[in-house]
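Here are some friendly notes for a colleague opening this model for the first time. Please keep the structure in view as you go through the points.

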Amino acid sequence: MRTESQQERVIRLQSAVNAILLHEPANSFRNLIENNEDLFKGFRLVYSTNNLDSEFSHSSLKEIEEHCPTLKKYFYGTGILFYSDELYAETKRQGRIEIPIDYSLSLDSNAAERFRIWENGGSLDKEEGRFEGLVCFIKEQGFNFDYSFFILENLIDSMRPENHRPFKTIRALKRFDHLEYEKESFNIRSPKFLETPEESGKRAIEVLHAFHSSKEIKGFLNKRKGLYLILLKAVLLREQKDLGLGKQLEILVEYSLDILGAFAKTEIYFAWKLLKHGNDLRFFDPVSQLGKKSLHRIKGMAWDLFAVRYQETLASKSNIGDFYVPFFASFDNRFVELAQACPIRAVLIDDVDRRVITIHLDEYEFMVDLNQFITTDLNRRLQDPDEKIKRMSERPTEEELDKRVTELEQKLESIVNKSKHADAASCAGV
């Protein structure tokens, strides 16, 4: 049997993505797999749906959320189904089987901050009940408790000598690893830890040092800057009322190729969602009208969106179970609103080439718009293999990304200032 080349495998992976995009969400997962066995061979698939096939191994996301309301699911549906070659063969032999799943719980900043307040003896006020539910859930359910995204989000702030909050929060999370927990006797108001703050502080310093000195972490920060750039560009394009969606998408794709050195499909999908459907989605409310707080809000939105991208990395590295299923812990509705704005349907994993592709529920609509509006010349740039190789070798440096960020931020601030002056002149009767 002829060995599949890397190029052929990449093409087959994209064909598997297309098969998912063309498969109606209401249709059977079994039909998706059985009609495309050759495409999915050697890949792993986590597939979210509201229509669970009882003959396939599955997990109920709805039950987990109901058990701990502070948890926000990553996928759009009420449950998830799983595929791998071995799993599929075993399922055909004996019916539904049990499979190892790596359930992972990540914290957003507001949830992480509550660990700091609680560990330090502070009051959680009206959030005490929900926080207690989260603590008990983590200790009783055996979820992989991951706070690396919080560290990543606060890494730059942690370098400021006057800002002790990130360090104290990480120290509290490290100490939580050593919480003395007995279900029957646990009292949320008087926790007991098997490690002193000083010992936890040493481990927190080691973690921060590891993050600060890691090339991989710097790569993540640059990817987040790339996402922030595309989002900023989309916000600015939306202010140009003479531009239709087609021209906006064309400009975004060209900007991505020229500035990021790549076709940043997922980032452009987020921008497309803002440009086409932003007025109807609460997640985008913070940037519905530009003002002096807009930059701060766009930065926060970029981190929320990057949380989705970061899960792809964790999924590719997971070695606890056959499949990785992430949740977020949050005390506000941002991640609920994000899931509604950018609903995730599936994650397709190629372990050989270490590729992880996230597929959104409405990605077919996005691809139709993209194909409809992209010009022939721009499409040629996208498909040209020589230009692809050239782009890969000319990725922007951190300094170049920072320069582009400054350019767009200044443009946005200029628009805000002009609007403010126009409003002032109007009020003065000029």
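1. Let us begin with Lys247 and Glu250, whose side chains form a salt bridge with an N to O distance of 3.6 Å. A salt bridge here is a side-chain nitrogen of Lys or Arg within 4 Å of a carboxyl oxygen of Asp or Glu. Both residues belong to helix α12 (residues 245-260), where they are three residues apart, about one turn of the helix. Helices (H or I, at least four residues) and strands (E, at least two) are DSSP runs, numbered from the N terminus. Lys247 is partly exposed at 41% relative accessible area, whereas Glu250 is buried at 13%. The cut-offs are under 20% relative accessible area for buried, over 50% for exposed and anything in between for partly exposed, with a 1.4 Å probe and protein chains only.

2. Before going further, a word on the ground rules. This is a predicted model, in which local features need pLDDT of at least 70 and side-chain atom pairs count only at pLDDT 80 or more, while totals for chains, interfaces and linings use all residues. Residues are numbered from 1 along each chain as its sequence is written, and side-chain values use heavy atoms, with hydrogens and water left out.

3. How many salt bridges does a search of the whole structure find? There are 29. One of them joins Arg404 to Glu407, with the closest N and O atoms 3.4 Å apart. These two residues are about one helical turn from each other, because they sit three residues apart in helix α19 (residues 398-427). Arg404 is partly exposed at 30% relative accessibility, and Glu407 is partly exposed at 31%. Elsewhere, salt bridges with shared partners connect Glu4, Arg9, Arg12 and Asp350 in one network.

4. Arg9 is in helix α1 (residues 6-22) and Asp350 in strand β8 (residues 344-350), so the pair links distant parts of the chain, 341 residues apart.

5. Next, find the open sheet of four strands, which has the order β3-β7-β5-β6 and mixed pairing. Its edges are β3 (71-73) and β6 (144-146); each has a single partner strand, so one side of each has no neighbour in the sheet. Neighbouring strands of this sheet are turned by 35 degrees against each other on average, direction ignored. Such angles rest on axes that are lines fitted to C-alpha atoms, for helices over the stretch in contact, and they run from 0 to 180 degrees between N-to-C directions.

6. Staying with this sheet, β5 (residues 101-107) and β7 (residues 323-329) run parallel and are joined by seven bridges. Strands count as paired if DSSP finds at least two bridges between them. Across from Asp102 you will find Tyr324 in β7.

7. Which residues touch the most other members of the largest nonpolar core? They are Phe115 and Trp118, in a core of 118 residues. Such a core is a set of buried Ala, Val, Leu, Ile, Met, Phe, Trp, Tyr and Cys residues joined through side-chain atoms within 4.5 Å. Helix α11 (residues 215-238) provides the largest share of this core, 13 residues. A second, separate core has 19 residues, among them Leu21, Phe40, Leu348 and Ile357.

8. Ser158 is worth a visit, in the loop between α8 (148-153) and α9 (165-176). This serine is buried, with a relative accessible area of 17%. Its side chain reaches the backbone oxygen of Leu155 at 2.6 Å, and a polar contact of 3.2 Å joins the side chains of Ser158 and His212. A polar contact is a pair of N or O atoms within 3.5 Å; within protein, one must be able to donate a hydrogen and the other to accept it, and residues adjacent in sequence count only if both atoms are side-chain atoms.

9. Finally, His360 lies in strand β9 (residues 355-360) and is buried at 2% relative accessible area.
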